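This report describes selected parts of one structure, a predicted model. It takes up a helix, a sheet and a single residue in turn.

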Amino acid sequence: MQNIRKVTNDIYYVGASNRRLSLFENVYPIPRGISYNSYVLVDDKTVLFDTADKIVELQFLENVEAALNGRNLDYIVVNHMEPDHCAVLEEIIRRYPDIKVVLNAKTVNMVKQFFDFDIDSRSVIIKEGDKLETGRHTLTFFMAPMVHWPEVMMTYDITEKILFSADAFGTFGAINGNLFSDEVDFEHEWLDDVRRYYTNIVGKYGGPVQTALKKASAYEIDIIAPLHGVLWKKDIIPELIEKYTKWATYTPEDKAVMIAYGSVYGNTQNAAEILASKLSEKGVKNIKLYDVSVTHPSYILSEAFRCSVLVFASATYNNGIFINMENLLHDIAAHCLQNRTVAFIQNGSWAPVAGKKMEEIISSLKGMNIIEKKVTIKSSLKESQLKDIEELADAIVESLK
Ligand code: FEO
């Protein structure tokens, strides 16, 4: 049965959600599910904006048919060619063989890479700023390369001031009936997933995101319609842009401390927890402490984008960094995080080297202020070393001022 929603008088939400998939992109846990958003404009001409993932194909196709209400589909706009949005493209062309595919030159090549159908005879190749009239509506397009793939573009509906933003402003989390931001609890229910989605999926591309934000700022926007998650209404857009600007410029969102530890038998954990207690006694609030073997790195990476001070505590393992910590640090480095204060605690029963190796990874990143005071544990923290933890806590508190 179709499950379509009106976004405006002429535009329908035809996307669908999935709560069974455990890993988005086969990497990221999605305990709140995921939605694959798609939209149909019903005007003198009809337009579909992107398709959906294979996993929701049947619901999506029923929804498109229902939104069209017996009409043919004249255009599909392909804003993004990643398969979570283009997987049903070939089936759409099969069902609506006269359709024109609106896309940019980079997208054409990607269509050819993913599919074998004849794209050239159906293509309407657009460039930055081109317009498409559909009757009452005028659409315009701007390129947003690397947000999150090189072919990405965004579509702006000039008539109804809607930005079809592709992956930008997307989020993990299925649609639970409430489709719009003013129907949900952004702070408590959605913000963490908005951040985790942005930082993990697009976080590496802060520069291109800043460019896209600048382009989007030229338009008055009433609704942002992303490819995942709720649609953002006007009242929340400034807050969302503020968050995006911080994330894209690698500016900490909060003056806050996150401690991540990799511990085999609990002794490194013990040192991390004692540091957290000392910080608390010194007045630091809302400390976050994560076991890298328990919490998926996508959550810790997201917290690393939020917090101003990061502490990494690791056992030495195979003459290197404890494996899950090494994975986390490489993930942080791959996402090009910048401008953080960072401290290290290392453990090693005979040759502690984790600290040096962790520092090598982090110091390759821009704007990292590495706290000089290092704490080394040999097997377990001793009474005589509490002063080291105390000194490290003092240095962290100082950096928060
Ligand atoms: Fe949701 Fe980059 O695809």
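## Helix 8

Thr 268, Ala 271, Ala 272, Leu 275, Ala 276, Lys 278 and Leu 279 are the buried residues of helix 8. Around the axis they cover an arc of only 160°, so they lie on the same side of helix 8. An α-helix has 3.6 residues a turn, so residues three or four places apart point the same way. The buried residues of helix 8 pack against strand 18 (254-262), strand 19 (288-291), strand 20 (307-317), strand 22 (341-347) and strand 24 (375-377), and also against helix 12 (386-400).

Helix 8 comprises the 15 residues 267-281. At 1.5 Å a residue it should span 21 Å, and its end C-alpha atoms are 21 Å apart, which agrees.

An open sheet with mixed pairing is formed by seven strands in the order 1-2-7-8-9-10-11. The edges are strand 1 (5-6) and strand 11 (123-125); each has a single partner strand, so one side of each is left without a neighbour in the sheet. Helix 1 (residues 57-68) packs on the sheet and touches strand 2 (11-13), strand 7 (39-42) and strand 8 (46-49). The direction of helix 1 makes about 15° with that of strand 7.

Strand 10 (residues 100-103) pairs with strand 11 in the parallel sense, over three bridges. Opposite Val 101 stands Ser 123 in strand 11. Helix 4 (residues 105-114) lies across strand 10 and strand 11 and runs at about 125° to strand 10.

## Strand 7 and its partners

Strand 7 pairs with strand 2 in the antiparallel sense over three bridges, and Leu 41 in strand 7 is the bridge partner of Ile 11. With strand 8, strand 7 pairs in the antiparallel sense over four bridges. Tyr 39 stands opposite Phe 49 in strand 8. Three residues lie between strand 7 and strand 8 in the hairpin they form.

Which way do the residues of strand 7 point? Tyr 39 and Leu 41 point one way, Val 40 and Val 42 point the other way, and all are buried.

## Ser 302

Helix 9 (residues 297-306) contains Ser 302. Is Ser 302 buried or exposed? Its relative accessible area is 4%, and under 20% counts as buried, so Ser 302 is buried. Leaving aside residues up to four places away in sequence, Ser 302 touches Asp 192, Arg 195, Arg 196, Thr 199 and Asn 200.

Technical notes:
Residues numbered from 1 in each chain as written. Predicted model: local features only at pLDDT ≥ 70, side-chain atom pairs only at ≥ 80, totals over all residues. Heavy atoms only, no water. Pairing = 2+ DSSP bridges. Helix = DSSP H or I, 4+ residues; strand = E, 2+ residues; numbered from the N terminus. Contact = heavy atoms within 4.5 Å. Axes fitted to C-alpha atoms, helices over the stretch in contact; angles between N-to-C directions. Buried < 20%, exposed > 50% of the residue type's maximum accessible area, 1.4 Å probe, protein only. Expected span 1.5 Å × (residues − 1). Arc of directions from axis to C-beta.
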